[in-house]
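Here's a quick briefing to read alongside the model. Take a look at the sequence and fold, then work through the notes by topic.

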Amino acid sequence: MDKKEALSVIDREAEKLCSMSDAIWEHPELGYHETFAAAAYVQALHDYGFTVEEKVKGIPTAFCGTYGSGAPVIGILGEFDALDALSQQADLTQKEPVLTGGAGHGCGHNLLGVGSFAAAVAVKEFLASGHPGTIKFYGCPAEEGGAGKGFLSRDGAFDCLDAALTWHPADNCAVLTGSNLANYQICYHFKGKSAHAAIAPEMGRSALDACELMNVGVQFLREHVSTQCRFHYAILNSGGKMPGVVQPTADVLYLMRAPTLGEAKNLKDRIDKIARGAAMMTDTEVEIEFVKACSNVLPNRVLCQVMQSNLEHVGAPAFDDADRSYAQGFRNTMKPGDDFYKSLVDEVADLEMRAQLMRDYDAPLHEQIIPLSPIERCSMASSDVGDVSVVCPTAQICMTTMPAGTPMHSWQEVAVGKSPMAKKGMLQAGKTIAGSAIDLFNNPSLIEKAKAEMNRRTNGVPFVSPIPKDIPIPG
């Protein structure tokens, strides 16, 4: 079986794959609780002839489907978790939840997982026709704030891989050539002493005061860190609702981001000191709870070039006028233009190509493939894909599945998640990943070049997980 025949498998199975994506969209589940999605994938992997390992590394909703034998071993990464409080009715161009306060697929992970699974099915058919090598489809839970791949990486789940491939739903068709921000997530638990705030205030020690002082201290820190650093917080517990009681407890959750893991660790250490200082000022105590951490993505130019070649071969999704009209309805709910798309186009050296791409600037859908960027930009987002990229050479693409300018983690993204437009992008992503994997199976020297590049970028220093061994897997 050649590559063309293998990719046609995705077209043959398209109806089943699209139904699977719809079912996961209809059952949005938060990280580490994706029981419906995990069961659906496990059953599908069995149905398509994969050997399945469930509860990988002790994570209830992590799994791995394997087919083939011997080297090279290539992994395809799938995600399927939803986001809290983003419930939204499908196809509706106004904000209207299915369930008030419910979860929704605001990052397109119903599409991401199934697109990756589609690629694994196509590669499995290729290997079944007599080609050596092993394909592994990883079901990776809790990308949204749970660092599922980080825990899997810490415990060695990806150590067997020679390369890993993945993708993400987006409003453009491009290979991701750059990095993103490493991060740490830490919860600070302040403990004080309750008292009557009027009769005996001297007897109280306010944990909420400590929490607020910490937040003020962190605001002053912003002036003294790199402009690429980001840190955000949410007060989880303010100590009660009675102002007449000195609050004995308060909890604040911080997410800290920086371009490299070392910078993120330094930022975490500085914020830890601010928390301890706030506790000293208020005569309270603070417990510092490590929640999770993610590495920044390590780019791999060799694999990026393989994926770019396949992206151009497969082509952008074949959108029609119905898709464009549908997308325009959502564009009307957002600001005009797409500055992020323009920033990608600005990196294109060929002026004629740049002008051609800019014709899509105000279009309802970005339908052209962006050339491989020579720039390794650092995205301000974070992803636990970084914890795979520091273990083995890794690359990923974006594929248009949403209207131009759609913000991630928005009700608009949830609303379009079941549309024919989104599914066309999902299937094209699957073909691109499958074609890239097949090229690596056919040309193992590419993997050796990718490994050599990774070795140069890391100076041969082995990866050490930022998640300590004694930190339990979140539940």
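Buried here means under 20% relative accessible area, with exposed over 50% and partly exposed in between (1.4 Å probe, protein chains only). Helices (H or I, at least four residues) and strands (E, at least two) are DSSP runs, numbered from the N terminus.

This is a predicted model, where local features need pLDDT of at least 70, side-chain atom pairs count only at pLDDT 80 or more, and totals for chains, interfaces and linings use all residues. Residues are numbered from 1 along each chain as its sequence is written, and side-chain values use heavy atoms, leaving out hydrogens and water.

**E4 and its partners**
- Gly133, Ile135, Phe137 and Gly139 point one way from E4, while Thr134, Lys136, Tyr138 and Cys140 point the other way, and all are buried.
- E4 pairs with strand E2 (residues 63–69) in the antiparallel sense over seven bridges; two strands pair if DSSP finds at least two bridges between them.
- Within that pairing, Ser69 has Gly133 as its bridge partner, and Gly65 has Phe137.
- With strand E3 (residues 73–79), E4 pairs in the parallel sense, over seven bridges, and Val73 has Thr134 as its bridge partner.
- To get from E3 to E4 the chain goes through helix H4 (residues 109–128), in a right-handed β-α-β crossover; right-handed means that, with the strands pointing away from the viewer, the path from the first strand over the helix to the second runs clockwise.

**The sheet and its helices**
- The open sheet has seven strands in the order E1-E2-E4-E3-E5-E11-E6, with mixed pairing.
- Strands E1 (51–54) and E6 (174–175) are the edges, each pairing on one side only.
- H4 packs on the sheet, touching E2, E3, E4 and strand E5 (163–170), and its direction makes about 155 degrees with that of E3. Contact means heavy atoms within 4.5 Å; axes are lines fitted to C-alpha atoms, for helices over the stretch in contact, and angles run from 0 to 180 degrees between N-to-C directions.
- Helix H3 (residues 35–47) lies across E1, E2, E3 and E4, at about 15 degrees to E2.

- Cys211 sits in helix H6 (residues 207–221) and counts as buried because its relative accessibility is 0%.
- Leaving aside neighbours within four places in sequence, Cys211 contacts Phe190, Ile235, Ala250 and Val252.
- Glu453, in helix H15 (residues 444–458), is buried too, at 5% relative accessibility.
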